[in-house]
Amino acid sequence: MIDFYSFAPEIFLLTLILISITLGVLNKDATITINTTGFSLLIIFLIFKGHSLYQNSLFSLNTINLILLSKIILSIGSIVFILLSRRSLKNENLFRYEYILFILFAILGSFVLISSDNFLTAFIGLELQSLSLYLMAAFNTKNLNSNEAGIKYFSLGALSSGFLLFGISMIYFDTASFTFQNLANFSTISEVGLALVLIALFFKVSAAPFHIWTPDVYEGSPTISALFFASLPKFASLIFLFRIYHELNISKIDSLNYIFQLVCAISLLVGVYGAITQKVIKRLLAFSSINHIGFILLAIMSYQYMSEGTIFFYLIIYLVTIFGVFSVILNLRTSEGEITLLTGLNGLKASSRSKAISMLVFLFSLAGIPPFAGFFAKFFILSASINEGLYLLSVIAVISSVIAAFYYLSVIKNMFFNESENELLLDNSKLSSFIFIFSALVLTLFFFYPDPLINLVDSLFY
Amino acid sequence: MSFPILSLLILTPLIGALTLSLSNSAQLKNKTIFASGLWIATGEFILSLLLPIFYDKAENGYQFTEFHTWFDKFDINYYLGVDGVSIPLILLTTFLVPICLLCSWNSIQNRVKEFVIYFLLLESFIIGVFVSIDLVIFYVFFEAVLIPMFLIIGIWGGENRLYATFKFFLYTLAGSVLMLLAIIYIISITNTGNIEIISKFIFDENIQLILFLCFFASFAVKVPMFPFHTWLPDAHVQAPTSGSVILAGVLLKLGAYGFMRLSIPFFEFASYYFQPLIFSLSCIAIVYTSIVALRQTDMKKMIAYSSVAHMGFVTIGIFTLTQDGMNGAYFQMISHGIVSAALFLIVGVVYERHHTRMISDYSGVTNIMPKYSFFFMVFMLSSVGLPGTSGFVGEFLVIMSTISVNVYLTIFTAVGVILGASYMLLLYKNVNFGDVKSDIKKLTDLTTIEIFYFTCLAFLTILLGIYPKLLFDMIDASISIGIL
């Protein structure tokens, strides 16, 4: 007997997709209203009735909380993103209702991925998510760069999916099971299989050395899609990675743990060294996200000390920051279109005070300079990793954040010290102004009143 | 719960900056903005005067403490308090900030509002460092100081300001992150961030050595000690006058304060173990940077190098780990805060009029600007360490305390004093005496505002020189606790 009730959020999303497909043909704007309402209902449902979903499952209470909180965050993120994308796509003359469908499919995939308890469902979720992402990368069909980004993303993504399937089949060959709970004692074949699965996941979250696609895809695809790649699907994949690490006890398997540590160290360093010389905003953000993935991997490895709270806290802060940064950039245009080069930010302080100051907060927060929330996010991760005894990785992490400070400072230099060259046309949409001001306030005020966020994240896990 | 004066000291400039930033800049004149910033800073100074008045010198330990839980889960608290070591430095800060704003009254013309805001933020963060007795909040403020300073040098600095401000930021950050790791490690062992409790905790000796070096990396860059000092001349030369004043006056003291407040009480064994290292680095700093200063052609650079040399006395004094040495070092810190700030103002005065800092461009200034050369002389002599000025007391105590530790140290520090006298006298002679150059003749003497703040500074210098007990009364008890 299949327990359909525990699929309720996914079934609800699927219904939403079907409605959007039908409705979108008639009225593009209506899909947006429908979806934001739908997601709001979903959030309310998850908050109040979420626990009843998984009462018959084998998940531990911590895992259920993890899944629910991730789904709530994904839903909130989707609402914000759908609203942001409408404006941005209209500016680029790209507004077609398929884009909203891709978002929905990707979120559906993420939902499936997060709450899967065996490798096969996880694979389906991951593929559903990735296929939508390839399409979103190539969404600007008249632009060659966008097409190139889509093709690159697709071909490399397909390769990594191959790795994933191959890994899963090796595990199945060895243990005759897909379910996480049944995988206990690993033989060498399962370890190799699991390593391949990990590699595929590292590719999806763009951890170095599996990161080569990231800067190109970010640069080529429409900015709004780059924001999506950097935020929600990555969040879902990281949560899944965390669950695998946690539930399969990877920390006990030396060889895999070694791979994990190596990838973490390489991500930290490649992220910062790649970013130093970048002149294009989106490439810089791509490399900086790789560096942040390194931090999150560090947190995943040292979760035992502070539980899931540390990772969630870092991810939430990261999402808030990245949404803020992109909503500022989406708002800046010149007569030739959106700005791409870092020099396009020149003199932002003079043309728009609120944007420049918000960017200052975001960049210092990303660099981990106190008193902004990004510092505390890094502080908790380092506390956890030092308690875990990962001294070398902690030292690499802080050194990487010093180097990272250099390129964040260069961006601030452009905004505050340089004179502007081109007249900036500010597209002052109320929504994105609200988003970046809200994000900046969250990051700043956290210092004065950290309890709400900490308690929220903390009360769910123990 | 008594009156939360320390929080108020942190919040006053912060709220002032916030109000200014929300005001509509188009309607305000530059002078109005400066004046309002000045009122806030002056109010802050008056507020800070309450500290020495109500401070109970007989009682040991921290006073005016405020305690709020901050991160409940990690036992990290918003825990403030002051003792004799922090109060004079707070006063120095609140005293110098209004002077910085006054001296920029004419020289800063563009983006005035931002300038005042960054200065108020800077003041708030610096005071935060001096009043926090929890490691995490100490680190937060210690690091946050970089942000406004980065912007001040970067926006209003000289031609090469980008290089200087990046170097300043990255050097300091690189040192600080190691301290961050050490702080996290300490918290993970002791389960608290409270400085008082950690001071009583005895760490394993080998671990002490590593932790000490981590803290050392941060504070040595900030002081700055010999191999890590190269950011300082660049930052000073490129910074606007007010930036140099606050940098030399207060920011350098953060490092020495860190040594006194954290390194020595936490790591007793390591402090003795690394004594020779610190002594040698400081001796090199004193002799080497004095010789470098002798050869400088740029006035600001010369004073910047002299700062490194003077801070060398401070680190030697602190690490003699004797009451006299610490007292002397502390006195030297305060004295250097006043004197070097004044010397940077002195350079700023002529730079504003003549737009060059090269020593060779000046000669015979005393004929044209007699008041100016009078104040120049007072501060120059104080920097040299003439008895009767504040510079003398600190240097004398430090040199005296070194005799009991190591005689060679005494020789080097004494040589440093002689070299110090030679470059300062050389600077004074070249600028003030000699034939009057034709383009010097158009310079005007000090304005009333300038006379006002130079008089304040000169008065303090001489007061402390004649009556050093004023300061020693305040710090004696607190320092004797710090020594083990």
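The structure is a predicted model, in which local features need pLDDT of at least 70 and side-chain atom pairs count only at pLDDT 80 or more, while totals for chains, interfaces and linings use all residues. Residues are numbered from 1 along each chain as its sequence is written, and chains are lettered from A and ligands numbered from 1 in the order in which they are written. Helices are DSSP runs (H or I, at least four residues), numbered from the N terminus.

**Contact between the chains**

- Chain A places 22 residues in contact with 24 residues of chain B, two residues being in contact if their C-beta atoms, placed from the backbone, lie within 7 Å.
- On the side of chain A that touches chain B, the elements giving two or more residues are α16 (373-388), α17 (391-416) and α19 (451-459) of chain A, and α17(A) gives the most, with 10 residues.
- By class, this side of chain A has 16 nonpolar, 4 polar and 2 charged residues, where Ala, Val, Leu, Ile, Met, Phe, Trp, Tyr, Cys and Pro count as nonpolar, Asp, Glu, Lys and Arg as charged, and the others, Gly among them, as polar.

**Helix pairs**

- In chain A, the axes of helix α4 (residues 97-115) and helix α5 (residues 119-137) come within 7 Å and cross at roughly 155 degrees; axes are lines fitted to C-alpha atoms, for helices over the stretch in contact, and angles run from 0 to 180 degrees between N-to-C directions.
- α4(A) and α5(A) are therefore roughly antiparallel, given that angles over 145 degrees count as roughly antiparallel, under 35 as roughly parallel, 65 to 115 as roughly perpendicular and the rest as oblique.
- α4(A) passes α5(A) in a left-handed crossing, a term used if the near helix is turned anticlockwise from the far one by less than a right angle, with right-handed used if clockwise.
- Residues of this contact include Phe102(A) and Phe105(A) of α4(A) and Ile124(A) and Leu128(A) of α5(A), and the contact of α4(A) with α5(A) divides into 13 nonpolar, 6 polar and no charged residues.
- In chain B, the axes of helix α13 (residues 275-294) and helix α19 (residues 407-432) come within 9 Å and cross at roughly 20 degrees, so α13(B) and α19(B) are roughly parallel, and the crossing is left-handed.
- The axes of helix α6 (residues 146-156) of chain B and α7(B) come within 8 Å and cross at roughly 165 degrees, in a right-handed crossing.
- The residues meeting there include Phe150(B) in α6(B) and Phe168(B) in α7(B), and the contact of α6(B) with α7(B) divides into 8 nonpolar, 3 polar and 1 charged.

**Helix lengths and ends**

- Helix α7 (residues 161-190) of chain B has 30 residues and reaches 43 Å from its first C-alpha to its last, close to the 44 Å expected at 1.5 Å a residue, the expected span being 1.5 Å times one less than the number of residues.
- α7(B) is followed by Asn191(B), whose phi is positive, near 60 degrees, and just after α3(A), Asn93(A) takes a positive phi of about 55 degrees.

**A buried residue**

- Leu319(A) lies in helix α13 (residues 303-330) of chain A and counts as buried, with 21 C-beta neighbours inside 10 Å; the cut-offs are 20 or more other C-beta atoms within 10 Å for buried, 12 or fewer for exposed, and partly exposed in between, with C-beta atoms placed from the backbone.
- Not counting residues up to four places away in sequence, Leu319(A) touches Gly77(A), Ser231(A) and Phe235(A).
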